[in-house]
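This briefing goes through a structure by topic. Please keep the sequence and the coordinates at hand while reading.

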Amino acid sequence: MAGKTPSKLPPAVADYRGSKTGQPLGVLGDRSIATAPAPAPTQGDLRSNYYTYLTKTPVSGQQSTEVLYNGDRAWVKLTLTLETAGPVAVGQQSAITPVLSGKGILLETGTPMVFTIGKGTRLYIAATALNRVKVAIEPLPWLEQIAATLNSLVSSLAALLPSGSTP
Amino acid sequence: MSYPQPLSTTPILQGQTFWRLFTPLAGPGDIYESVVSGLGFAMGPNSDLSEVLVTYLDADQPTGVNSSIISPTRNFVGRVDARNDTTYPSSKRLGRILFSPNEIFDPLYTPQGFTGGDVKQLITPIIDVIQYFTSAPSVVPQRSDREFQFQYFEAPAPAASTFLLIPAYGRKSGFFSFVNQDNTNNVTVTINGVQLSPSGSPGVIGAYEQSLFTAVILNSAGSANFVFNSSNNTADKGGIWDYFCIEFGNYAGNAMPTSITLSDAE
């Protein structure tokens, strides 16, 4: 073996795993270096989103509650501006109807209302007629990190406490 | 009525801030509806009607229903909800906002003195209501002047009359101009004010007509002008009328340039 250089894996190779077309799906990294995938939010979660939401007209006298935003993956700052007369109710509970019952809050025409939607929560919307609502969704990844850090801190503190006591 | 009636949802889908109900009436019982809420209601600039009833759900009333009259001098500012989620207690129809004329319209009205051989031409009134989706102005200007221009009318039987009925709801002044371009035939022009009746169809039962000016005979190339003022109670008659009825006696179907301008100003 003297004089022979040790075998070495190529620094990068084409990755055919899972390819159905025979074309490489991507490039594998340098497999001679140990790496671990870094957690990263998807681009879709970090992208701001602006659009107009049209509330649904109840059919045959029925109430209709819709999910306006589903915060399964990230914290967001949600800004709603009612462009029409309303009445439009929003709330974090699904039971916000009847619209005028006060179970949700009514949007005010032309006045932006800002909501901070936590991860894992939803914002519901209901109306008695067709309305236009301006929606601006701006992710708050740093808020999620702060929340995680706080959660970790609380857990650490809780671990220091004698067993049986509550933090 | 234009069919289907103007859709109140279209301007919302297009991002407009108002909906305009603008359509000729079809009959005395016309009711139009808006399926969206409004923050204010006003007469449109081109309305022939001067009073429109806005009806909506009101839980504070024993009947569950309330209504408000809008006119060129009075709009209605405030949020009125289209309640598609519930129904009117009396009719079990969805609780939408309803618009209906608050004045009588009778398409079958027969003018006073109408006999066999006469013909009648009726100008169908237009309802023009604006529903605002955003804050409405508290002061609304009066309606635009309404101008009618005619060159010819439908000819009656020989020596009979053609009656022209034009909507006058709430108009306070008017200018009428006639020119007879018939070379051989004299035409007698008469202008009456008409107050319609809910039970007057057909015929003049319950309705009321009053001559506003002394009839004039227009010779060949003759012309005549009349100025109407609602507050005039001296030589000619004033008043607020539903229709002006203009009779062209002995009209033979030749050119009869006619110009009529009605205004909300006195």
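What percentage of the contacts in chain B with a separation of 6 or more comes from residues 24 or more positions apart? The share is 78%. The model is predicted.

**Chain B overall**
- Chain B is built from 20 strands and one helix.
- Along the principal axes, its C-alpha atoms occupy a box of roughly 65 × 35 × 35 Å.
- Buried residues make up 37% of the 266 residues of chain B.

**Domains of chain B**
- Where the two domains of chain B touch, 16 residues of domain 1 are in contact with eleven residues of domain 2.
- Strand β3 (residues 38-43) of chain B gives the largest share of the domain 1 side, with four residues.
- Sorted by class, that side of domain 1 of chain B holds nine nonpolar residues, six polar residues and one charged residue.

**Contact between chains A and B**
- Chain A contributes 17 residues to the contact, and chain B contributes 19 residues.
- On the chain B side, β3 and β7 (83-87) of chain B supply at least two residues each.
- The largest share of that side comes from β7(B), with five residues.
- By class, the chain B side consists of eight polar, seven nonpolar and four charged residues.

**Nonpolar core**
- The largest nonpolar core has 77 residues, and those touching the most other members are Val88(A), Val90(A), Val52(B), Val129(B), Tyr243(B) and Phe244(B).
- Both domain 1 (10-101) and domain 2 (119-124 + 136-263) of chain B provide at least three residues to this core.
- Beyond its neighbours within four places in sequence, Phe244(B) contacts Ile166(B), Ala168(B), Ile191(B) and Gly193(B).

**An open sheet in chain A**
- Four strands of chain A make an open sheet with antiparallel pairing, in the order β4-β9-β6-β7.
- β4 and β7 (105-106) of chain A are at the edges and have a single partner strand each, so one side of each lacks a neighbour in the sheet.
- Within the sheet, strand β6 (residues 88-91) and strand β9 (residues 121-127) of chain A are antiparallel and share four bridges.
- Opposite Gly91(A) stands Tyr124(A) in β9(A).

**An open sheet in chain B**
- The order β12-β20-β14-β18 describes an open sheet of four strands in chain B, paired antiparallel.
- At its edges are β12 (146-150) and β18 (223-229) of chain B, each of which pairs on one side only.
- From one strand to the next, the twist averages 5°.
- Strand β14 (residues 173-179) of chain B runs antiparallel to β18(B) and is joined to it by seven bridges.
- Phe175(B) faces Val227(B) in β18(B) as its opposite residue.

**Trp75(A)**
- Trp75(A) sits in the loop between β4 (65-71) and β5 (76-82) of chain A.
- Trp75(A) counts as buried because it has 22 C-beta neighbours inside 10 Å, and the cut-off is 20 or more.
- Ala147(A) is 72 residues from Trp75(A) in sequence, while their C-alpha atoms are 9.7 Å apart in space.

**Backbone exceptions**
- Most residues other than glycine have a negative phi, and most peptide bonds are trans.
- The peptide bond between Gly86(A) and Pro87(A) is cis, with omega about -10°, and Pro87(A) lies in the loop between β5 and β6 of chain A.
- Thr97(A) and Pro98(A) are also joined by a cis peptide bond, with omega near 0°; Pro98(A) belongs to the loop between β6 and β7 of chain A.
- Ala159(B), not a glycine, has a positive phi of about 70° and lies in the loop between β12 and β13 (161-167) of chain B.
- Ala159(B) counts as exposed because it has 11 C-beta neighbours inside 10 Å, where the limit is 12 or fewer.
- Ala221(B), likewise not a glycine, has a positive phi of about 65° and is in the loop between β17 (216-218) and β18 of chain B.
- With 10 C-beta neighbours inside 10 Å, Ala221(B) also counts as exposed.

Terms used
Residues numbered from 1 in each chain as written. Chains lettered and ligands numbered in written order. Predicted model: local features only at pLDDT ≥ 70, side-chain atom pairs only at ≥ 80, totals over all residues. Core = buried A, V, L, I, M, F, W, Y, C linked by C-beta atoms within 7 Å. Domains from an automatic or database assignment. Contact = placed C-beta atoms within 7 Å. Nonpolar A, V, L, I, M, F, W, Y, C, P; charged D, E, K, R; others polar. Pairing = 2+ DSSP bridges. Axes fitted to C-alpha atoms, helices over the stretch in contact; angles between N-to-C directions.
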